[in-house]
Amino acid sequence: MIEKIDIPRIVIAASGSSSGKTMITAGLARCLVKRGFKVQTFKVGPDFIDPQYLTMASGRTCVNLDSWLMREDDILRDFTYYARDTDIALIEGVRSLYDSADPLSLKGSTWLVASIIKSPVILVIDISGINMGAAAIAKGFSTLMEGVEVKGVILNKARGKSHAVKAKAAIESMAKLRVIGILPRLEELEVKMRHLGLTPAMERRVKAEETIEKWCSMVNENIDVDSLIEIAKSAPPLSIKAFKPPYEACNRQSVRIAIALDEAFNFYYKQNIDTLRRLGADIVTFSPLMDNSLREVSGLIVGGGYPQLFLAQLQENESIMMNLKKLIEDECPTYAECGGLMYLCEEIMDFRGFKAKGVSIIPATCKISKSTRFLGYTIHRVVQDNVLSKTGSEVKGHEFHYSSIEVKGDVKYAYEVLRGYGINGKRDGIIIHNALASYTHILASGQEHLFKRFIESCSAYSKR
């Protein structure tokens with residue numbers, strides 16, 4: 001059965017990274033919310049930090065759309081499902097409109113997501129040091145590929161009125177595109193950066209809220225918001241198969257899964273949590289920083305984040321580490337990603353040489369570095385059965401890490417690395433008891449079977 005769904009939508013793309021996409025998308029989201037709109041935000045590509053700002057700005061959890069990890073049907077399903085009861089959808093792009101993991105492929109690009117959801121595009125251009133050059137950028141981006149329509153341009157980082165007038169005139173005369181907003185360069189609007197991008201909003205809630213309000217004011221004052229709304233409404237209806245969740249919703253919550261969630265651990269995809277719930281999980285959260293114990297649980301998930309910034313506080317909370325260690329040694333199904341992997345090690349050493357004790361399940365030392373180990377998409381072949389997957393299958397994901405793991409002695413690995421780096425360039429996914437800890441982050445959409453297997457393992461554990 002085919003449904004036609006009309007969702008006003010707009011993709012905020014850019015000519016390059018750090019052009020101001022997050023500032024504009026979050027600022028616009030807050031502006032629209034203040035006008036009474038129900039706004040659903042999306043982020044293209046693998047990203048945990050920008051979505052935190054978009055979530056705060058809109059009041060609804062941001063959803064990632066990734067054309068490298070997800071099939072076209074997955075993208076359409078997730079987009080229409082999460083935006084179905086809202087007034088407008090705002091989709092923030094990744095890098096430039098065309099950039100992807102492969103310079104000769106659009107797989108993983110903002111362009112491909114915009115094409116799949118048939119969304120008009122607004123192009124953000126950083127005009128620092130250029131005026132007529134902005135016209136060349138605008139024309140090149142709007143004409144390089146057919147299938148996506150750039151409906152307008154927003155200029156960012158204008159030096160002053162004269163600079164703004166010159167760049168606007170060049171674009172509208174030579175690229176034949178309308179400039180619907182010009183933002184000045186203001187240092188107070190910029191957010192402190194870290195090696196994975198902006199500083200996470202969860203670490204600076206009050207400051208992040210103040211920043212979003214400033215972004216909102218800047219958008220209101222310098223961008224034609226009414227025109228953006230009209231462009232969003234011009235998006236054509238989407239024809240899709242009647243929505244069905246990846247697995248039928250379970251009316252009975254059969255397992256209780258505890259997820260680490262605080263300032264140190266907060267990298268989670270909404271689809272992952274929602275998939276677990278649809279499969280029957282009762283989700284509870286706990287803080288490795290603040291909580292002393294866990295109530296009876298059937299499974300554990302410790303996601304990514306920046307535990308290296310909270311080493312002293314994590315180390316001081318010995319009771320929760322002892323609780324986690326006991327549960328894992330009792331064969332409680334456990335899945336840890338990146339920061340979670342680091343936390344389960346015997347010790348963690350930051351780049352200043354400070355060492356802190358970890359949960360001490362994995363016989364290894366984690367060392368933080370200022371230089372990247374690997375950032376990008378991953379493909380792993382499963383070589384050992386584990387709580388997520390069976391031998392012989394493949395798992396797709398991505399890695400963002402500036403740390404290394406020095407393993408002491410022999411351990412079992414779940415994955416052979418086909419693309420990426422993992423723990424040692426050849427292997428990823430350490431298996432200890434009934435726990436799997438890897439550098440790879442996975443997205444449920446298109447890989448729901450991984451979470452079904454985890455739920456089955458949790459169910460078996462709870463029935464012992």
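Which residue lies over the face of tyrosine 81? Arginine 84 takes this position, at 4.0 Å from the ring centre, where a charge is said to sit over a ring if NZ of Lys or CZ of Arg is within 6 Å of the ring centre and within 35 degrees of the ring normal. A further arrangement of this kind involves lysine 396, whose charged end sits over the ring of tryptophan 68, 5.0 Å from its centre.

The structure is a predicted model, in which local features need pLDDT of at least 70 and side-chain atom pairs count only at pLDDT 80 or more, whereas totals for chains, interfaces and linings use all residues. Residues are numbered from 1 along each chain as its sequence is written, and side-chain values use heavy atoms, with hydrogens and water left out.

Aromatic contacts were examined next. Rings of Phe, Tyr and Trp (its six-membered ring) were taken to pair if their centres lie within 6.5 Å, and planes under 30 degrees apart count as stacked, over 60 as edge-to-face and the rest as tilted. By this rule the count is nine aromatic pairs. One of them, formed by phenylalanine 265 and tyrosine 343, is tilted, with 5.2 Å from centre to centre and 55° between the planes. This pair links distant parts of the chain, since phenylalanine 265 belongs to strand β13 (residues 265-267) and tyrosine 343 to helix α12 (residues 339-344), 78 residues apart; helices (H or I, at least four residues) and strands (E, at least two) are DSSP runs, numbered from the N terminus. Phenylalanine 265 counts as buried because its relative accessibility is 0%, and tyrosine 343 counts as buried at 1%, where buried means under 20% relative accessible area, exposed over 50%, and partly exposed in between (1.4 Å probe, protein chains only).

Phenylalanine 267 and tyrosine 306 form an edge-to-face pair, with 5.7 Å from centre to centre and 80° between the planes. Here, too, distant parts of the chain are linked, with phenylalanine 267 in strand β13 and tyrosine 306 in the loop between β16 (304-305) and α10 (311-316), 39 residues apart. Phenylalanine 267 is buried, at a relative accessible area of 4%, and tyrosine 306 is buried at 2%. Both residues belong to one aromatic cluster, formed by Phe48, Phe267, Tyr269 and Tyr306.

Charged pairs were then considered, a salt bridge being a side-chain nitrogen of Lys or Arg within 4 Å of a carboxyl oxygen of Asp or Glu. By this rule, the model contains 24 salt bridges. In one of these, arginine 77 is joined to glutamate 448, with the closest N and O atoms 3.1 Å apart. The partners lie in distant parts of the chain, arginine 77 in helix α3 (residues 72-83) and glutamate 448 in helix α13 (residues 448-462), 371 residues apart. Arginine 77 is buried, with a relative accessible area of 16%, and glutamate 448 is likewise buried, with 9%.

Glutamate 172 is partly exposed, at 30% relative accessible area, as is lysine 168, at 31%.
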